[in-house]
Amino acid sequence: MSVALIRPLVVRTVAVSDPGDLVTRLPDVMPYAWIRHGEGLVGWGEAARTVIPPGPERFDRAREWLGSLFDLAHIDDEVDVPGSGPVAFGSFTFDGDAAGSTLVVPRVVLARRDGRAWLTTIGETSSAPVTPRVGPGRIRYGDGTLTVPEWKQAVARAVHRIRGGELDKVVLARDLVAVAERDIDIRVLLSRLTARYPECYTFSVDGLTGATPELLIRHTGRSIESLVLAGTTERGSGPAEDASRGAALYASGKDRHEHACAVASVRDALAPLCSTLDVPARPELLMLPNVQHLASRVTGRLSDGASVLDVVAAMHPTAAVGGTPTGAALRVIRELEGMERAGYSGPVGWIDSRGDGEWGIALRCAQISGRRARLFAGCGIMAGSDPAAELAEARAKFRVMRYALEG
């Protein structure tokens, strides 16, 4: 495991006055962020980092690294709430056999939640100047790994295999390449995403940036919460069409079955860890600026002292991003997608020294590097799926990051 860190960390957290818009406080360096409704955490600098080797033990190795780091740290935390003290931001690849999973402890974290704000610093830190944000300019788009006809053919092949009884559902993703006129300032994207999609969790970890609607897990003490999304339709042109589309989504046998598969995978993953677990009998409709989803909020209480990473390890990959059954779905994804997902649809979020944290699924996102952005979107393929309709759904999901780039 590749490690670059300072031992022991000297950590201080103090209460501060309301910082206002968290994104405006970020300097022009690689930012770390987790924001919803204007609350959350942003960070910059690097006090410690590890690149976690691929394999079935990657979450265990991540937890062990954090444990050894935080156990040795000298922590002066006058706030003592989830997210205060030392915090690691992380991104794990979708495929456990793929390289690129990372945990980073920033030198500075600024946070606001529930009417309180705090600042955490590690070691001797100097203030970084907050320079003006500059938009990326003109954006050119091109095909990713597969062309549109190739991806539609992959969907058709997946439907054939589902109808043949090999599996019930598979999520197929596609990518889109964007090249900007200037280097992409991630702060610009974060600002646009937090303003346009306040209901989502806007995140940034090592250039993986987006606004995901899907909360994989929130861990506070022994309480946990997960928001399961599966089943999607585009927004309409007005309230009447929104209502019509939402009603059709709720009545769709294909989408309700897809959602039931996703809820079942979360329930089955959480049940062994929990003393109590509340799973809604029916989904609700979640309306976002670009799409509507079937949504179920699952809550529970852990039966022991598991950290948020233990819960993430048990849950990933859910049927919402992989398929059902998991093993068959992962085989079909590897055969038909033709690309490496990297961090897309993997866990992304943060964890503190108590084991508390929030992790989402990295959806509606792009990997940013210089002037280049690689955008991702995925669709749940079922026996009744139509390739043209799935393509339209993917295009609707791309709109989130296209808006972030174009404004």
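Biologist: Where does Ser307 lie?

Modeller: Ser307 lies in the loop between β19 (291–302) and α6 (308–315); helices (H or I, at least four residues) and strands (E, at least two) are DSSP runs, numbered from the N terminus. This is a predicted model, where local features need pLDDT of at least 70, side-chain atom pairs count only at pLDDT 80 or more, and totals for chains, interfaces and linings use all residues. Residues are numbered from 1 along each chain as its sequence is written, and side-chain values use heavy atoms, leaving out hydrogens and water.

Biologist: Is Ser307 buried or exposed?

Modeller: Ser307 is buried, at a relative accessible area of 11%; buried means under 20%, exposed over 50%, and partly exposed in between (1.4 Å probe, protein chains only).

Biologist: Which residues does Ser307 touch?

Modeller: Leaving aside residues up to four places away in sequence, Ser307 touches Arg63, His219, Ile351 and Gly355, where contact means heavy atoms within 4.5 Å.

Biologist: Turning to β21, which way does Ile351 point?

Modeller: Ile351 points one way from β21 with Pro347 and Gly349, while Val348, Trp350 and Asp352 point the other way. In a regular strand, side chains alternate between the two faces of the sheet. Six of the six residues of β21 (347–352) are buried.

Biologist: Which strands pair with β21?

Modeller: Strand β7 (residues 87–91) pairs with β21 in the antiparallel sense over five bridges, and five bridges also join β21 to antiparallel β22 (residues 357–361). Two strands pair if DSSP finds at least two bridges between them.

Biologist: And where is Gly355?

Modeller: Gly355 is in the turn of the hairpin formed by β21 and β22, with a positive phi of about 95°.
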